[in-house]
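The following exercises examine one predicted model. Each task is followed by a solution in steps.

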Amino acid sequence: EYTNAAWQTRKNAAMARGEGNIAQVFVDRALGSEVWDVEGNRYIDFGTGIAVCNTGHLHPKVHAAVTAQLERFSHTCVMVTPYDSAVELAEQLNVLTPGPSPKKTMFVTTGAEAVENCIKIARAHTGRRGVIAFDGGYHGRTLMTLGLTGKTAPYKTKFGPFPGDIYRGQFPVPYHGVSVDDAKRSLAMLFKTDVDPSDCAAIIIEPVQGEGGFYPVPDEFMQHLREVCDAHGIVLVLDEIQTGFGRTGKFFASEYSGIEPDLMTFAKGVAGGFPLAGVTGKAEIMDAPAPGGLGGTYAGSPIGCAAALAVIDVIKSEKLVERSKEIGAIFKKRLTALQERHPSLVGDIRAERGAMVALELMNEDGSPNPVLTKTLLEECYRNGLIVLTCGMYGNVFRFLPALTMSDEILTEGLDLFEASFEKVIQ
Ligand code: PMP
C-alpha cells in the first residue's frame, strides 16, 4: 500500500498531470544531503529541490530559527503589522547584493512573483513599456513570466496569448553556435525592428541561464548589457533566483562580471526550503511604485524571513561560498575523467560557476542526445541518486548539491553517477 508506485497511482488520480514529477520517489524524510523514500530507499541529493536547500535539508540553525519563530507568531502580514525579521533581512540583502548604490528590498513568496515585480517596478520607474528577455531564459510560470521565458515546450505550449511588449534577444552560447557578437547584433536589431530603446523599460537576464542549460553569461556580454542600459536609461534586471546564495562560488553570480544590476531577484536558496522571494535594487528605482502598489498576503512571511536570516548566517559562518567552488572543482575533475573515457558521448562540461555544474550528452555525430539523457536520469534514480536535467535540447545534466555536502557523500554521489552512466551505455 505505501509503495512509491501506490502513491504515484493516487497522485495521478488526485493531482493534475500538468504538475508532473520527474521521479516516482515519494519522500518520507530528508536531512543534510540525504533523502529517504516511503520504501526506505536512501538517495544522495544532487538536486536540492531545484537549487533551494543550499544549506542542506533541515540545517540545524535553520530548523532552530524557524522553530523559535513559530513560538512567537506565524503570520500577521507584513503589509498590516510588520515585524523585525523582515526589516533585518532587507537590511542584510541591501548590503549583500553587488554594487555600491544604496539599495532597498521588497518581499513576495515565489520566484515568478519576484520577476513580475521587477517588471512592474521598472515600468513605474521609467514610464516605459518594452521588456527584453533572451532565448532559453526561464523566469516562471505566471503569464508575464511565461511571456519572458524563452522555451516553448513544456512551459508555453497552449498557454498564450502572452502579455505584449516582450522582445527576445539571442543568448550567447558559443558551444551551440551563438557568439557574443551574434548576441550583441541581435539586441541591436531588436532596437531597430521591434522596440526603440526609448520605449524600453527593462532588460532581464539570468547571470547563469538555469532551466535553459546552465550557460553562464560571458562577462563581456554582461558588461555590454550594462552599457546599453546606461546609455538608454533601461533598467537592467538580473534574475538570480537559481544562482543566488552561494550557489555559483560567489554570493551572487552577477559578481563575476563586476557589474551592478539595477534590480535583482532572489528566491529558492534564500530561505533554505521555506517559501520566500523578492527583489533587491537601487533605492530610487525600488521606490518608484506608490505604497500598496507592491506586496501580497504572504509577502515576506515571518517563517521565511527567520529561515533566511539563519541561511545567511550559515553561508557566512560555514564559508559555503568557498565550499561551492571546491564542490565545483571536484565535479570538474570527475566529469572530465568521464569525458576522457567517453569523448563522443560527453560533450561540454561547465564547472566554472561553483556548485552549479552541467554536462551535455551528445550523439556520435555531435548532435545533442536527449534520449541517453532520459535513460541515464532514470538509471540514476534507480541507483539512489537524485539529479536533474535541463537545456533547450533536453541533453544537459545539471548538478545542484547542497553546499554543505561532505566530500564522502559527494564522492559517493559521483560514483553512483559514473556507475549509472557505464551501465546505460553498455
Ligand atoms: N527564475 C529563474 C531563473 C528560475 O530558475 C525559476 C525557478 N526555476 C524562476 C524564475 C521561477 O521561480 P518559482 O518557481 O519560485 O516561481
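**Exercise 1.** Determine which residues of α7 are exposed and which are buried.

*Solution.* Step 1: a residue counts as exposed if 12 or fewer other C-beta atoms, placed from the backbone, lie within 10 Å of its own, as buried if there are 20 or more, and as partly exposed in between. Step 2: Asp 181, Met 189, Lys 192 and Thr 193 are exposed. Step 3: on the other side of α7 from these, the buried residues are Ala 183, Leu 187 and Leu 190. Step 4: an α-helix has 3.6 residues a turn, so residues three or four places apart point the same way.

**Exercise 2.** Identify the elements against which the buried residues of α7 pack.

*Solution.* With contact defined as C-beta atoms, placed from the backbone, within 7 Å, these residues pack against β5 (130-134), β6 (166-169) and α8 (219-232).

**Exercise 3.** Describe how β1 and β2 are joined.

*Solution.* Step 1: strands pair if DSSP finds at least two bridges between them; here four bridges join β1 (residues 27-31) to β2 (residues 34-37), and the strands run antiparallel. Step 2: Arg 29 stands opposite Trp 36 in β2. Step 3: the strands form a hairpin with two residues between them, and Gly 32 in the turn has a positive phi of about 60°.

**Notes.** Residues are numbered from 1 along each chain as its sequence is written.

Conventions: Predicted model: local features only at pLDDT ≥ 70, side-chain atom pairs only at ≥ 80, totals over all residues. Contact = placed C-beta atoms within 7 Å.
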